[in-house]
Amino acid sequence: MSDTRETDLLGHVPDGLYIGGQWRPATGGRTFAVTDPSTGETVKEIADASVEDGVAALDAASEAFPSWSTTPARHRAEILRRAFDLLTERKDDFALLMTIEMGKPLKESAGEVTYGGEFLRWFSEEAAHVQGRYGANPEGTGRMIVTQHPVGPCYLITPWNFPLAMATRKIAPALAAGCTVVVKPASQTPLTTSLFVQLLEDAGVPAGVVNVINTSTSGPVSEAIISDPRLRKLSFTGSTSVGEKLLEQAAVGVLRTSMELGGNAPFIVFEDADLDKAVEGALAAKFRNIGEACTAANRFIVHSSIAEEFARRITDRVRDFRTGRGTDEGVTIGPLIDERAVEKVSELVRDAVANGATLRIGGEVLERPGTFFAATVLSDVRPGSQILREEIFGPVVAIVSFTEEDDAVRLANDTEFGLISYVYTQNLARGMRMIERLETGMLGLNVGVVSNPAAPFGGWKLSGLGREGGAEGIHEYLQTKYTLTPDPFA
Ligand code: NAD
């Protein structure tokens with residue numbers, strides 16, 4: 001990968017705020033730095049939105065709403081479809097940019113472009129299929145008409161770990177439903193959204209329909225938008241602690257909310273599992289995105305008769321991993337997003353080992369520029385260790401063992417989160433029992449990656465509210481109206 005290519009690409013990424021179809025500097029001219037986590041170096045300075053800028057973005061979204069919400073669905077669908085085609089054409093640029101600002105290996109960034117793009121295609125198809133109902137009331141005295149309407153201007157807050165897909169997963173259904181949006185990307189990874197919004201303009205999205213504000217002061221800027229009575233919907237993906245704060249703020253205006261929050265996924269391997277497949281699934285569920293995924297397997301709950309063999313095989317595979325800058329050939333593990341992430345992962349590993357876990361491989365911060373933590377395997381992790389309670393968000397496997405099915409279920413459900421679970425078993429009845437017994441919004445039954453634009457993604461318990469993707473995804477941006485009219489024959 002040549003530096004010139006990176007410099008050219010970074011030069012093409014707009015550095016302003018995108019409000020009402022115009023790129024503009026922040027009020028007061030403030031900027032903040034975006035860094036490459038694999039080197040710690042600044043790659044670009046971008047506009048840092050103030051509270052006034054946030055409100056200006058909501059002004060633009062509110063002004064554009066009457067026209068966009070009454071634009072024929074087929075027309076909105078065609079714009080989204082064009083955006084899908086353009087993203088497919090520009091795939092390499094988006095992949096490289098994500099690797100630069102977020103750190104994941106280039107191949108995984110390319111995978112995210114495909115995944116993120118599919119939300120554009122899926123919701124371009126859904127846009128034209130929003131329907132209502134018509135029928136007589138049971139008494140026969142009237143006709144009931146049920147119609148669907150866009151909720152209004154939306155505020156979309158995205159995390160840094162999937163800079164493109166988390167944006168398309170919100171923007172595409174919102175636009176398909178006829179809503180206008182203000183998007184606030186994570187301050188660590190704002191560039192991908194800026195490049196994407198340029199693409200949306202090329203695809204024909206009218207001015208004011210999508211507005212983007214990047215800011216280093218998310219709290220006050222967001223609060224002003226959320227408390228504005230013109231806003232009708234908040235969609236957030238991020239940590240449970242921030243999500244809880246935002247829900248409190250959203251309660252004042254009784255906003256519709258979608259909350260995609262943290263996870264603590266159990267990965268259960270029964271003694272009757274196909275071990276080869278379980279190991280492959282485990283590696284995908286754990287190390288994809290450097291372990292920085294809400295769907296990442298957090299607790300490996302493995303039957304005691306195969307726990308040693310499972311740990312040995314995973315450790316052997318981890319030994320072959322290559323850590324480095326995501327643009328380098330053969331790299332499988334990139335840097336963590338920042339110092340804070342490195343400190344958190346280090347502390348979880350230290351605590352697990354202090355409590356008696358066996359460190360099989362890794363366990364240390366790498367001595368090199370950037371924020372790298374070695375891929376790590378811990379076995380015999382003891383109950384009470386922090387690593388079993390908290391989302392690791394890093395490349396660390398934590399293995400515990402069990403002997404009875406009931407214990408596996410109890411351990412798996414022993415968490416305040418409920419985003420996703422994974423189960424490996426060849427016993428059909430046992431698999432069915434897991435579908436019924438695990439407290440989880442999603443389940444990978446003999447698969448290690450479940451994400452799919454056609455499926456309802458979302459969690460139970462503290463993992464969130466609402467669903468993104470699938471037939472459900474567009475309904476998060478629609479509201480229902482029921483009309484009663486007298487029997488036309490009476
Ligand atoms: P985070 O909560 O720190 O930040 C998420 C977003 O919220 C960012 O845009 C950030 O700038 C913004 N933010 C932070 N404080 C805010 C405030 N006070 N008011 C308004 N906005 C604020 O989370 P993160 O570290 O960026 O992302 C990692 C978390 O996201 C993990 O917990 C992960 O599980 C979760 N996540 C969940 C899903 C899902 O679909 N359930 C997907 C990806 C990530």
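The model is predicted, so to speak: local features need pLDDT of at least 70, side-chain atom pairs count only at pLDDT 80 or more, and totals for chains, interfaces and linings use all residues. Residues are numbered from 1 along each chain as its sequence is written, and side-chain values use heavy atoms, with hydrogens and water left out.

**Helix 2**
- Helix 2 covers residues 51–69 and reaches 26 Å from first to last C-alpha, close to the 27 Å expected at 1.5 Å a residue (that is, 1.5 Å times one less than the number of residues).
- Helices here are DSSP runs of H or I with at least four residues, strands are E runs of at least two, and both are numbered from the N terminus.
- There's a kink of about 30° at Glu63, shortly before Pro66; the bend is the angle between axes fitted to the seven residues ending there and the seven starting there.

**Ala265**
- Ala265 lies in strand 12, residues 265–269.
- Its relative accessible area is 1%, so Ala265 is buried (under 20%, 1.4 Å probe, protein chains only).
- Ala265 and Phe372 are 107 residues apart along the chain, with 23 Å between their C-alpha atoms.

Methods: Buried means under 20% relative accessible area, exposed over 50%, partly exposed in between (1.4 Å probe, protein chains only).
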